[in-house]
Amino acid sequence: MTGGGGDGGGQGGGDPFAFLPRDPSPLPQNSEGHWELCPVDAVPEDGARGFVLDDAGVRLGVVVVNRGGRLFGYVNSCPHLNIPLNLWPDKFLSPDGQVLQCATHGARFRIEDGLCIAGPCEGRFLTSFRLVVKNRKIVALEP
Ligand code: FES
């Protein structure tokens, strides 16, 4: 893992975007074709966390939301422009934590079913991603 800082974004030849967060390495599929995301308590209650999966060589972003102890999974792609919902790691929820909110144009999605309730893609849904908890780990199945 790389730390921040380093050559510090000074002048001359460094990566001008070095201050931006890096995508993590994609998580591999297990022998059953599923992805073990994290321990179940690694997504805090009323919080959200993003993951990048290796889906047969294609990077696939997903977001897991813990709503009152219930877990909901979605493909991390806004139906407005099919770009990631978040700009910063794990920042998927509105300031009040009540809905998923796209960082680009502010579309708001119900956590429970992914329906867009306000914004440019109102009436459309996020693609849900099935999750199970197995051996106290969150496991993502196919969408
Ligand atoms: S890309 Fe999400 S609201 Fe426009």
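Me: How do the residues lining the largest cavity divide into nonpolar, polar and charged?
Reply: This is a predicted model. The lining of the largest cavity includes Cys78, Leu81, Ile83 and Pro120, and Leu, Ile, Cys and Pro count as nonpolar. The division is six nonpolar, three polar and no charged.

Me: What is the volume of the largest cavity?
Reply: The count uses cavities of 30 Å³ or more, and it comes to one. The volume of the largest cavity is about 40 Å³.

Me: Is Cys78 buried or exposed?
Reply: Buried means under 20% relative accessible area. Cys78 has 2% relative accessibility, so it counts as buried.

Me: How many disulfides are there?
Reply: A disulfide is a covalent bond between the sulfur atoms of two cysteines. Here the cysteines include Cys38, which is buried at 6% relative accessibility, and Cys78, which is buried at 2%. A pair counts if the sulfur atoms are within 2.5 Å. By this rule the number of disulfides is zero.

Me: Which residue has its backbone oxygen 3.1 Å from a polar atom of the Asn66 side chain?
Reply: Asn66 lies in strand E3, residues 58-67, and counts as buried because its relative accessibility is 8%. Leaving aside neighbours within four places in sequence, its contacts include Pro44, Asp46 and Leu71. The backbone oxygen at 3.1 Å from the side chain belongs to Val43.

Note on methods. Residues numbered from 1 in each chain as written. Predicted model: local features only at pLDDT ≥ 70, side-chain atom pairs only at ≥ 80, totals over all residues. Heavy atoms only, no water. 1 Å grid on protein atoms, 1.4 Å probe; cavity = no way out; pocket = protein on both sides within 12 Å on 5 of 7 lines; lining within 4 Å. Points joined across faces, edges and corners; volume = space filled by probe spheres on them. Helix = DSSP H or I, 4+ residues; strand = E, 2+ residues; numbered from the N terminus. Buried < 20%, exposed > 50% of the residue type's maximum accessible area, 1.4 Å probe, protein only. Polar contact = N/O pair within 3.5 Å; in protein donor to acceptor, adjacent residues only side chain to side chain. Contact = heavy atoms within 4.5 Å.
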